[in-house]
Structures are given as structure tokens and as C-alpha cells.
2 protein chains.
Amino acid sequence: MESIRTITTGFLGLGNIGAGVWRLIEQTRGEIAAREGVRFSVKRVLVRDTLKRRDVSVPKPILTTDADDVLSDPDITLVVEALGGEQPAADYIRRALISGKSVVTANKLALATHWQELLETACVSGSCLYFEPGVCGAIPVIRAITDSLQANTIERLYGIINGTTNYILSQMSAPYAGQGPAPSAGGLSGQCGVSYADALFEAQRLGLAEPDPTADVEGGDAACKLSILATLAFRAHVPLEGLFRRGITTITPVDVAYGRELGYAIKLLAVAKRVGDKVEARVHPTFVPLSHPLASVNGSLNAVYLYGHACGELMFYGRGAGDAPTASAVVSDMIAAARSGCRGGERAYRMTGTVAMETDWVSRYFIRLQAVDQPGVLGAIAGILGRHGVSIASMRQTTGDGRAPLLFVTHMARESDVRSALGEIDESLAAIENVIYVEEGI
Amino acid sequence: MESIRTITTGFLGLGNIGAGVWRLIEQTRGEIAAREGVRFSVKRVLVRDTLKRRDVSVPKPILTTDADDVLSDPDITLVVEALGGEQPAADYIRRALISGKSVVTANKLALATHWQELLETACVSGSCLYFEPGVCGAIPVIRAITDSLQANTIERLYGIINGTTNYILSQMSAPYAGQGPAPSAGGLSGQCGVSYADALFEAQRLGLAEPDPTADVEGGDAACKLSILATLAFRAHVPLEGLFRRGITTITPVDVAYGRELGYAIKLLAVAKRVGDKVEARVHPTFVPLSHPLASVNGSLNAVYLYGHACGELMFYGRGAGDAPTASAVVSDMIAAARSGCRGGERAYRMTGTVAMETDWVSRYFIRLQAVDQPGVLGAIAGILGRHGVSIASMRQTTGDGRAPLLFVTHMARESDVRSALGEIDESLAAIENVIYVEEGI
């Protein structure tokens with residue numbers, strides 16, 4: 001029997017995630033020592049308040065409010081960063097890496113906003129930065145890309161990578177759960193789901209959305225994860241600033257219901273594709289065909305679907321958040337750090353510069369208008385779309401009481417063309433109520 | 001820039017998989033050298049016939065028909081076994097491991113039937129055995145269990161892990177594709193899918209089933225993979241001989257149609273559960289609720305769904321077979337072997353002995369009978385089930401022309417009780433046409 005190595009560890013933060021990691025380490029200490037030959041000894045834990053009552057049995061003497069007690073302790077070779085927020089977390093991660101410590105972080109914001117600085121610091125100092133828990137919680141998608149798909153050219157990647165918005169959109173779609181596409185009827189069938197506001201309120205009540213839900217519902221959280229996923233998938237930095245982002249706040253029950261009738265589920269989808277030598281990367285509400293496996297990812301669950309030239313289609317599905325799922329990923333990264341001797345784990349993340357972004361992409365579009373109910377209006381709108389090269393795949397009109405709800409789904413069209421066309425549709429013709437991307441042939 | 005290490009490699013077999021690996025290595029040589037710092041130099045390739053025309057550009061001089069040219073060459077440190085079949089593959093793997101070579105195998109049969117011998121050989125000699133491509137092709141489920149879920153107690157695991165049978169059952173279910181459960185009608189609606197025989201014929205025509213399909217359709221292939229998956233998940237050997245196995249050959253369009261009306265999809269499901277200190281492991285046709293993500297895994301795709309105490313539910317979905325997906329997994333394992341210096345990779349597979357198997361499990365059952373159309377028969381059958389402690393959750397009867405198709409779905413019942421009850425139902429009451437496991441609350 002070999003000896004068991006002890007890895008002296010420091011925690012930054014003992015909130016939900018930090019406490020979850022502490023508990024999981026305690027629970028699995030014996031098994032992990034036996035199977036992996038490693039034991040994690042937590043020497044210091046940075047907290048804001050050492051006197052706060054906690055439901056986790058961390059000995060008081062190891063608590064500290066001074067980050068230096070973790071970052072400057074030469075005994076500590078592994079740091080678990082679970083503070084959240086961009087700063088001071090990013091700064092602490094950088095300092096830990098500089099001093100040769102390995103870092104496991106669950107912090108997608110600090111990572112995505114300081115990606116190049118942190119990765120370069122790790123490379124230069126020979127320390128390791130692990131971040132599986134930062135992207136989709138327990139789902140081992142980072143390790144899949146870096147350790148299992150190395151021989152693949154990943155061509156496209158789609159993710160439902162924010163549990164809060166997926167919960168809200170699933171609630172808005174709840175009346176249709178378990179149903180296939182509605183038979184193509186003349187108009188909108190009566191059934192409609194709850195409003196965005198009601199679904200958000202419910203998510204907040206359940207603790208699935210923050211009191212200030214902005215980072216989730218406006219797509220910021222998903223954008224951080226997509227930047228990281230796309231960077232790894234395409235092996236070149238896809239910077240957060242280069243991502244197009246639109247949130248879910250404008251999605252209405254009417255959009256959801258019409259989409260369903262057309263055979264689509266609504267998802268906040270993260271999309272990244274190789275297009276020639278460029279990459280497009282965007283996060284926005286998207287209609288996904290009901291027959292696609294991503295359409296069945298409901299509630300607060302996450303999934304990443306990707307296509308590689310050798311592996312073909314792959315999907316990873318599971319819990320993207322929560323103390324225990326995140327702790328599951330943190331501990332796996334701690335073991336990875338221990339296995340590598342806390343050295344040299346950056347190879348897999350070596351990038352070949354920053355990628356050129358394609359911002360004028362091609363997609364299908366769902367366009368919902370409130371047209372003026374007069375003869376010739378439909379023809380005029382169709383004419384404008386046509387003149388801009390936006391070809392109509394299907395159209396639906398319902399008339400009544402002077403207002404005419406009008407739906408178009410386009411064929412593949414260029415973003416700039418759609419914008420130009422919509423810019424020409426003025427009040428004399430219609431009010432544009434919503435425009436939603438449609439992702440066919442995922 | 002560090003130097004690039006060359007790993008001298010030998011291939012056993014140059015059939016579809018071997019050739020696929022060769023091609024993928026050729027394609028990705030430059031990238032993998034740059035990113036991973038490793039280059040695979042293939043020195044010898046074992047084939048049956050060196051003169052055979054091949055659509056892969058392997059230099060003639062490295063081909064050999066003598067396995068010793070690979071197994072006894074001290075330069076070769078890594079062996080890719082792609083022969084298939086139990087022997088001589090298992091023997092070659094063992095010999096390679098004994099001489100300190102690492103082995104990557106796509107051979108679930110050799111592995112499952114010689115698990116303990118091969119793993120022990122690797123442990124004793126300090127060599128490494130990798131087998132991601134042997135279980136679900138490109139889906140990185142082995143690495144997920146060994147490298148990402150170490151802190152989890154995996155409680156149950158379900159797999160659609162044979163593409164051939166999933167294709168056949170999907171074809172038999174094709175009329176219902178994209179539909180939710182049918183509204184609960186009085187009798188069986190007219191629509192029925194193709195027969196098992198027709199679906200098998202189509203699978204054979206497409207090359208998805210072998211001319212002799214036994215290993216796939218009788219569940220043998222899935223059982224090998226389940227033995228490996230369950231062994232890793234439960235961290236104790238779950239031997240192939242301990243698995244219950246039933247194939248799909250008795251599934252009829254009528255079963256598929258009735259199941260659909262009850263809200264189920266039919267799948268050849270591999271099931272493994274911890275039950276106290278025992279494990280149950282079985283492969284059989286199973287009704288899965290349509291709302292479960294496994295129900296949407298169609299065609300020749302594979303998926304593994306598992307539940308861990310920390311990670312919660314996780315599903316991995318993708319291509320379980322085919323040259324390129326399998327090669328994707330082989331190359332990732334070759335890189336893993338290279339990263340580990342081709343030493344010591346067995347730690348993750350260390351087992352704590354053989355597990356005790358639970359063979360008298362509890363499940364729900366779908367029972368289809370052809371009852372004698374006489375008063376009192378239904379009552380007599382229900383009485384027999386009741387006396388054996390088998391409680392009925394739902395029942396459906398259609399009468400006509402002297403025959404009475406009768407369906408029961410039971411509540412959770414013990415296998416031995418169901419068998420005893422069915423043993424008492426004789427010809428004077430009904431003919432038992434099919435019994436199918438129902439997996440609720442996956």
C-alpha cells in the first residue's frame with residue numbers, strides 16, 4: 001500500500017459553495033484517501049466574519065478575515081476560491097497562482113473577465129488553474145473538452161447554461177409540458193403560460209433567482225460560461241466582450257405559445273460556431289425544435305450539446321448549480337490538481353491567440369408584428385423583407401378589431417439584412433413586438 | 001517551447017476501428033503535438049492479411065501477421081487493441097500489460113469477460129489499461145466516472161448502451177415520434193409500428209446490425225458495457241455472469257403501441273442500482289416515461305444517465321459506435337496514457353472485491369395477456385396477482401371475438417412474486433403474451 005499524500009489547502013470563502021465543499025471533503029475523506037491516495041487538509045479559511053454562526057463544523061481557529069493568511073502561507077499548495085464576484089476574487093486567484101499555488105475556482109465571472117491574465121500567470125508560474133465547477137456545476141464538460149475531445153475539431157456548441165432562466169422559461173412553457181408540437185391550427189389556441197414576471201417571482205421565492213436577477217436574466221452569467229466553453233472548444237480566446245447577448249425579459253406568453261404551435265421550445269441558448277476562420281458566439285432567447293434533445297432540458301437543469309468532426313454529436317446534461325453539485329466538481333478538480341502534483345495542468349488550455357469574431361451571422365428569425373389592419377399592409381411588409389434578401393419560410397396572420405397579429409418565420413437570413421428590413425417597417429405598417437432567433441438543424 | 005515526446009505505438013488490428021484511429025492520428029498529428037506535446041509513432045500493425053487492399057495509407061513494411069512483432073518489441077510502449085472478440089484479444093492485452101506496455105482497447109467483450117485478470121495484471125506490472133472507446137464510443141462516460149465523480153456515491157445508473165437495439169426499437173416506435181403520450185383512449189388506436197423482424201432487416205441493410213445480430217439483440221453487448229460501467233460506478237466488481245439479461249426479440253408492435261398509450265417509450269435499458277449493500281444489474285426491454293430524457297434518445301444514439309449523491313442527475317449522450325466516434329475516444333485514451341507517462345493509471349479502477357448481487361429486485365411490470373373471454377376470468381387473474389402480493393396500478397381490457405386482450409401495470413412488486421403469480425395463470429385463464437419492466441421515477 002502506498003502512502004497517502006496530504007495536500008494542504010486554503011479556502012477563500014465559506015458561503016454555500018465553500019461550505020458544500022467542506023462537507024463533501026469531510027464525507028468522502030476516507031474513500032478518497034483509499035482510492036486516490038490523497039487527503040486534503042484545510043489549513044485556513046477566509047471569511048468575512050469569523051463569529052458568524054454556520055451550519056458547517058469548521059474549527060474556529062482556522063477561520064481568518066485576512067486573505068494573506070491563505071495567499072502567503074507557503075504550506076498551502078492548493079487554494080479553493082469560492083468567493084464569487086469579479087474582485088477581489090480575480091486578484092486573489094492571480095496572487096495564488098504567482099506564488100505557485102494551484103487554484104480551483106467556481107467563479108465564472110472572475111475567470112471570464114480575466115481569462116488571459118489568469119491563464120498566462122498560471123503558465124508562467126507553472127501553477128495550475130482548474131475551473132470545472134465554474135461552468136455548469138456538476139456537469140464535467142470542461143474535462144470532456146480538454147481530456148476527451150482533443151482529437152476533435154469542434155464545429156459548434158450549444159448550451160442551456162443558466163439554470164435560473166431555464167427555470168423561468170420552463171415555467172412559462174409549463175402548459176405544454178409533455179406535448180409534442182400542436183397541430184397546425186388557424187390561430188393561437190387559447191392556452192397560455194404564466195408571464196415572465198410571475199415566473200421570475202416564483203424562481204425568486206424558490207431561491208433559484210437572486211433578488212437582483214440581472215446577471216441571470218440579461219444573459220451575463222451565460223455569456224461568461226460561453227466565453228470559457230467556446231475558448232476551450234475552439235482553442236483560441238473567445239473574449240467575453242466579443243459575445244452578443246440578449247436576455248429573456250421581453251419574452252411573453254404569446255411568443256411561447258406561438259413558438260410551440262410552430263414546433264419549437266424557447267430556451268436561453270448559448271451558441272458558438274466556427275464559420276470559416278471566424279467564430280460567432282451569442283447568448284439569446286432561441287426557438288429550438290421540440291424534437292431536439294435540448295428542447296427537453298427543463299427546469300433549472302443545464303445541458304451542453306456539441307458537434308465534433310470525429311465524435312459527432314455529444315450532449316452533457318445535469319445540475320448546473322447548487323452547493324452539492326458544485327462541490328462535486330470542486331473536489332474532482334482538487335483531485336486533478338493533486339494527481340498532477342499541482343504542476344503543469346495548463347497545457348490543455350493553451351490558446352493560439354484571440355479569435356476573430358463573426359458578428360453578422362446567419363440565422364432563421366421568428367418575427368412577431370402587430371400590423372395595421374388595412375389592405376396592402378402584409379404585402380408591403382413582405383416586400384420590405386424581400387428587398388433586403390430576407391426570405392419568408394412561413395407566415396401566419398389573424399385579423400380582428402383593427403389589429404392584426406402577424407408572424408413570420410424566415411429562411412436563413414443575415415443579421416444585418418434583418419435589422420435593415422425591420423428598420424424600414426414603421427408605424428404606418430406595423431409595430432414590431434418581438435424578434436426571436438430560430439435554431440434549426442442544430 | 002518544450003520538446004515533443006514520441007510514443008512508439010503498436011496496433012493490434014486494422015479493421016474499421018484501427019483504420020479510423022490511424023486516420024484520426026494522421027489528421028491531428030500537428031495539433032496534438034502542439035497542444036499536448038506528444039506524437040504517436042506507429043511502429044507495427046498486426047493484421048490478418050498484409051496483402052489486403054485498404055483505404056488507409058499504412059506503409060506496407062509496418063504490417064505484420066505475427067502478434068509478437070507488436071507484443072515483444074521493447075520500443076513499443078503503447079498498444080492499441082482493435083481486434084474485437086474475446087480471444088486472442090484478451091490474451092494479447094494481458095501479454096502487453098505484463099511486459100509493461102500501456103494498452104488502449106475498444107474491446108468490451110475481452111474486457112468484461114477478463115476484467116479482474118486484466119486489471120490485476122496492470123496493477124502488478126504498473127502498466128495502464130484504458131478502455132473509454134469500449135463503452136459508448138465517443139461518449140466520455142468512463143472518464144466522467146473515474147475523473148469527475150470521485151466524490152460521489154453513485155446510487156443508480158441507467159444506460160441505452162447498444163445502438164443497434166436502440167435503432168430497432170426506435171424504428172418500431174417511429175409512428176409516434178415527436179408525440180407526447182396518447183390521450184388515454186378506450187382501446188388501442190389503429191396506428192402500429194413496424195415489426196421487430198422488419199426493423200432488424202432495415203438495421204442490417206444500413207450496416208447497423210451484424211448478419212448474426214445475436215450479441216446485440218439478446219443484450220450481450222449491453223451486458224458487457226453494463227458490467228464495466230457498474231463496476232466503476234459502484235467501485236466493486238460487478239461480474240458479467242451476475243447480470244440478468246433479456247433481449248428485444250419478443251417485443252411486438254402491440255407492446256410498443258400499448259406502452260405509448262400509457263405514456264412510455266420502449267428501450268433496451270441497462271439498469272444498475274445500489275440496494276443496501278448489494279447491487280442489482282440487469283439489461284432488458286424497459287418502458288421509460290416519455291417525460292424522461294432517456295425516452296428521447298433515439299436511433300442508434302447512446303446515453304448513460306446516473307444519479308450521484310452530490311452531483312445529482314447527470315446524463316451523457318452521443319454516438320456509441322462508428323469508426324470516427326470510437327477513434328475519438330481511442331486517441332483521447334492514447335493522450336491520457338502519454339500524459340501519465342504510461343504508468344500508474346490503474347488507481348481509479350482499484351476495486352474492493354466483488355459485489356453481492358441482488359437478483360430478486362423490485363420493479364413495476366407491464367403484463368400483457370390474452371385472456372379467455374369468459375365471466376370471472378379477470379377476477380381470477382387479479383386474485384392470483386393479489387395473493388402473491390402483486391398489486392395492480394392500472395388495468396385495461398378489450399373484449400371481442402372470444403379473445404380478450406388484457407393489460408396490467410403493477411405497482412412496485414418483487415420479481416419472485418411476479419414470477420410465482422404468472423406461473424399460476426394457466427391456459428384455462430389466459431396466455432401470457434409479454435411481460436415488460438416499467439422503470440418509473442428514474
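Predicted model: local features only at pLDDT ≥ 70, side-chain atom pairs only at ≥ 80, totals over all residues.
**Where the chains meet**

Let's start at the contact between the chains, to which chain A gives 46 residues and chain B gives 46 residues. On the chain A side, at least two residues each come from helix H1 (16-36), helix H6 (141-148), strand E12 (312-319) and helix H12 (323-339). Sorted by class, this side of chain A holds 23 nonpolar, 15 polar and eight charged residues.

E12(A) pairs with strand E12 (residues 312-319) of chain B in the antiparallel sense, over five bridges.

How are the two copies related? Chain A is superposed on chain B by a rotation of 180 degrees with 0.0 Å of shift along its axis, and the RMSD is 0.0 Å. The two copies are therefore related as by a two-fold rotation axis. Both copies use the same surface, as 100% of the contact residues of chain A recur in chain B.

**From the contact into chain B**

E11(B) and E12(B) run antiparallel and are joined by eight bridges, and a hairpin of three residues connects E11(B) to E12(B). Within this pair, Tyr307(B) stands opposite Glu313(B). E11(B) also pairs with strand E7 (residues 154-160) of chain B, again in the antiparallel sense, over six bridges. Here Leu157(B) stands opposite Leu306(B).

Is E11(B) enclosed or open? Seven of its eight residues are buried, so E11(B) is largely enclosed by the rest of the structure.

Beyond its neighbours within four places in sequence, Val304(B) contacts Cys136(B), Ile139(B), Val141(B), Leu157(B), Gly159(B), Ile161(B), Leu229(B), Met315(B) and Phe316(B).

| Strand pair | Sense | Bridges |
|---|---|---|
| E12(A) and E12(B) | antiparallel | five bridges |
| E7(B) and E11(B) | antiparallel | six bridges |
| E11(B) and E12(B) | antiparallel | eight bridges |
| E4(B) and E5(B) | parallel | four bridges |
| E2(A) and E3(A) | parallel | two bridges |

**The parallel sheet in chain B**

Chain B also has an open sheet of six strands with parallel pairing, in the order E3-E2-E1-E4-E5-E6. At its edges are strand E3 (63-64) and strand E6 (129-130) of chain B, each of which pairs on one side only. Inside the sheet, strand E4 (residues 78-81) and strand E5 (residues 102-105) of chain B pair over four bridges in the parallel sense, with Val79(B) opposite Val103(B).

Helix H1 (residues 16-36) of chain B lies across strand E1 (5-12), strand E2 (38-46) and E4 of chain B, at about 160 degrees to E2(B).

Another helix to visit is H3 (residues 89-98) of chain B. Seven of its 10 residues are buried, so H3(B) is largely enclosed by the rest of the structure. The buried residues include Ala89(B), Tyr92(B), Arg94(B) and Leu97(B). After H3(B) comes Gly100(B), whose phi is positive, near 85 degrees.

**The parallel sheet in chain A**

Chain A has an open sheet of six strands in the order E3-E2-E1-E4-E5-E6, with parallel pairing. Strand E3 (63-64) and strand E6 (129-130) of chain A each have a single partner strand, so one side of each is left without a neighbour in the sheet. For E3(A), two bridges make a parallel link to strand E2 (residues 38-46) of chain A, and Leu46(A) stands opposite Thr64(A). H1(A) packs on this sheet, touching strand E1 (5-12), E2 and E4 of chain A, and its direction makes about 160 degrees with that of E2(A).

A last stop is Leu83(A), in the loop between strand E4 (78-81) and helix H3 (89-98) of chain A. Is Leu83(A) buried or exposed? Leu83(A) is buried, because 26 other C-beta atoms lie within 10 Å and the cut-off for a buried residue is 20 or more. Leaving out residues up to four places away in sequence, Leu83(A) touches Leu12(A), Gly13(A), Ala89(A) and Asn107(A). Of these, Asn107(A) is 24 residues from Leu83(A) in sequence and 7.6 Å away in space, C-alpha to C-alpha.

Methods:
Residues numbered from 1 in each chain as written. Chains lettered and ligands numbered in written order. Contact = placed C-beta atoms within 7 Å. Nonpolar A, V, L, I, M, F, W, Y, C, P; charged D, E, K, R; others polar. Pairing = 2+ DSSP bridges. Least-squares fit on C-alpha atoms with pLDDT ≥ 70 in both. Buried ≥ 20, exposed ≤ 12 C-beta atoms within 10 Å, placed from the backbone. Axes fitted to C-alpha atoms, helices over the stretch in contact; angles between N-to-C directions.
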